[in-house]
Amino acid sequence: MAFQIKVNKQLRSVDVAEDTPLLWALRDDLDLKGTKYGCGVGMCGACTVLMDGKPIRSCLTQVSQVTGSITTIEGLAENGKLHALQQAWIDQDVAQCGYCQAGQILAASALLAKSPKPTDADIESAMTGNLCRCATYNRIKAAIHQAAGTKA
């Protein structure tokens, strides 16, 4: 079955079963490999993408459930310029293995859209569902503060 979904500001078509997880449509059909498969049950956040600016788990969201505009890590930068969070991730040397980072950055993006000057508590609360096996949580927090222009 063909579905039209808006991904990274472009209307795209995928021909998949209606219960196909969005994650696989993004990775396998649209070749957007930045979104990662983690646990497959929505617990780790590696597959986080934004739907109308809100973080969702693409491993649990069926293509037929997509009702809004999807943003993946590939769509965060604009006009060849990194998003402030992406630059902060580099500046703060956040990534170790890097596997969870796309989901982390997108969750942080949703946080900053909702709370442009987050406190440590805001960050901890918003990022709770995104796990990092390398435990770079302090650097993630510092990067979010840097992108927000706040002090850690």
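Mentor: Helices here are DSSP runs of H or I with at least four residues, and strands are runs of E with at least two. By that count the chain has 5 helices and 5 strands. Keep in mind that this is a predicted model.

Trainee: What pattern does the chain follow along the sequence?

Mentor: The pattern reads β-β-α-β-β-β-α-α-α-α.

Trainee: How do you know whether the radius of gyration agrees with that of a compact globule?

Mentor: For 152 residues, a compact globule would come near 15 Å, and the chain has 15 Å, so the two agree. Along the principal axes, the C-alpha atoms fill a box of roughly 50 × 30 × 25 Å. Of the contacts with a separation of 6 or more, 54% are between residues 24 or more positions apart.

Trainee: What makes the contact between Glu-78 and Lys-9 a salt bridge?

Mentor: The cut-off is 4 Å between a side-chain nitrogen of Lys or Arg and a carboxyl oxygen of Asp or Glu. The closest N and O atoms of Glu-78 and Lys-9 are 3.1 Å apart, so the pair is within the limit. Glu-78 lies in the loop between strand 5 (70-71) and helix 2 (84-91), while Lys-9 lies in the loop between strand 1 (2-7) and strand 2 (10-15), so the pair ties together parts that are 69 residues apart in sequence.

Trainee: Why is Glu-78 called partly exposed, and why is Lys-9 called exposed?

Mentor: Exposed needs over 50% relative accessible area, buried needs under 20%, and partly exposed is in between. Glu-78 has 44%, so partly exposed is the word for it. Lys-9 has 62%, so it counts as exposed.

Trainee: How many salt bridges does the search of the whole structure find?

Mentor: It finds 3. Among them is the pair of Asp-31 and Lys-33, with the closest N and O atoms 3.7 Å apart. Asp-31 is exposed at 54%, whereas Lys-33 is partly exposed at 36%. Asp-31 also follows helix 1 and has a positive phi, near 55°.

Trainee: What about Glu-124 and Lys-141?

Mentor: Their side chains meet in a salt bridge at 2.5 Å, N to O. Glu-124 is in helix 4 (residues 120-127) and Lys-141 in helix 5 (residues 137-148), so the pair ties together parts that are 17 residues apart in sequence. Glu-124 is partly exposed at 44%. Lys-141 has 16%, so this lysine is called buried.

Trainee: Which residues of helix 1 are buried, and what covers them?

Mentor: In helix 1 (residues 22-29), the buried residues include Leu-22, Leu-23, Ala-25, Leu-26 and Arg-27. Their cover includes strand 1, strand 2, strand 3 (48-51), strand 4 (54-57) and strand 5.

Trainee: And what share of the chain is buried?

Mentor: Buried residues make up 45% of the 152. The chain exposes about 7900 Å², with carbon and sulfur atoms supplying 51% of that area.

How values were computed
Residues numbered from 1 in each chain as written. Predicted model: local features only at pLDDT ≥ 70, side-chain atom pairs only at ≥ 80, totals over all residues. Heavy atoms only, no water. Buried < 20%, exposed > 50% of the residue type's maximum accessible area, 1.4 Å probe, protein only. Rg over C-alpha atoms; globule rule 2.2 N^0.38 Å. Contact = heavy atoms within 4.5 Å. Areas by Shrake-Rupley, 256 points an atom, 1.4 Å probe, with all protein chains shown as cover.
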